Amino acid sequence: MDKIWEEKAVGELVAMLHPAGDVLEIHFTSGIAAKLIQELHPKSHTIVESDQALAKKAATDPKATVIQKPWQEGLHQLGTFDAILLGRDLRDAQC
């Protein structure tokens with residue numbers, strides 16, 4: 001995926017979602033959405049990412065809580081959120 005196109009598309013998605021309050025992001029992927037979410041200063045930002053390397057990268061933001069598991073396994077510990085962004089798991093992409 002072209003990086004400029006990806007940044008624009010993810011930017012539009014985050015703008016439409018206007019995440020505020022408690023935000024859940026499923027799949028860290030490139031980190032673009034996480035960065036944009038943090039710029040909006042949500043009350044909390046939880047990222048669920050099963051890939052160890054991506055979870056480690058996501059954890060470099062001290063304002064985000066990272067859960068390293070498949071989201072299906074982490075559902076029981078998640079709670080309630082005001083906004084949910086379901087990112088694309090590029091490992092499963094068929095493009």
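Trainee: In what order do the strands of the open sheet run, and in what sense do they pair?

Mentor: In this predicted model, the open sheet has 4 strands in the order 3-2-1-4, and their pairing is parallel. Strand 3 (64–67) and strand 4 (83–86) form its edges, and from one strand to the next the twist averages 15°.

Trainee: What makes strand 3 and strand 4 edge strands?

Mentor: Each of these two strands pairs on one side only, and that is what the word edge records here.

Trainee: Why do strand 2 and strand 3 count as a pair?

Mentor: Two strands pair if at least two bridges are found between them; strand 2 (residues 44–48) and strand 3 share 4 bridges in the parallel sense, so they meet that condition. Within this pairing, T46 stands opposite T65 of strand 3. In general, the strands of a sheet pair through backbone hydrogen bonds.

Trainee: Why is the set of V10, V14, V23, I32, A33, I37, A83 and L85 called a nonpolar core?

Mentor: The term asks for buried residues of kinds such as Ala, Val, Leu and Ile, joined through side-chain atoms within 4.5 Å. Helix 1 (3–17), helix 2 (32–39) and strand 4 each supply at least two of its residues, and helix 2 gives the most, with 3. Apart from this core lies another, of 6 residues, including L24, I67, L78 and F81.

Trainee: Which residues of helix 2 are buried, and what covers them?

Mentor: I32, A33, A34, I37 and Q38 are buried in helix 2, which means that each has under 20% relative accessible area. Their cover includes helix 1 together with strand 1 (22–26), strand 2, strand 3 and strand 4. For I32, once its neighbours within four places in sequence are left aside, the contacts are K3, E6, E7 and V10. Just after helix 2, H41 takes a positive phi of about 55°.

Trainee: Why are L17 and L24 said to be in contact with I84?

Mentor: Contact means heavy atoms within 4.5 Å; with neighbours within four places in sequence set aside, L17 and L24 are in contact with I84, so each has heavy atoms within that limit of I84. I84 itself lies in strand 4. The C-alpha atoms of I84 and T46 are separated by 9.6 Å, with the two residues 38 residues apart along the chain.

Conventions:
Residues numbered from 1 in each chain as written. Predicted model: local features only at pLDDT ≥ 70, side-chain atom pairs only at ≥ 80, totals over all residues. Heavy atoms only, no water. Axes fitted to C-alpha atoms, helices over the stretch in contact; angles between N-to-C directions. Buried < 20%, exposed > 50% of the residue type's maximum accessible area, 1.4 Å probe, protein only.
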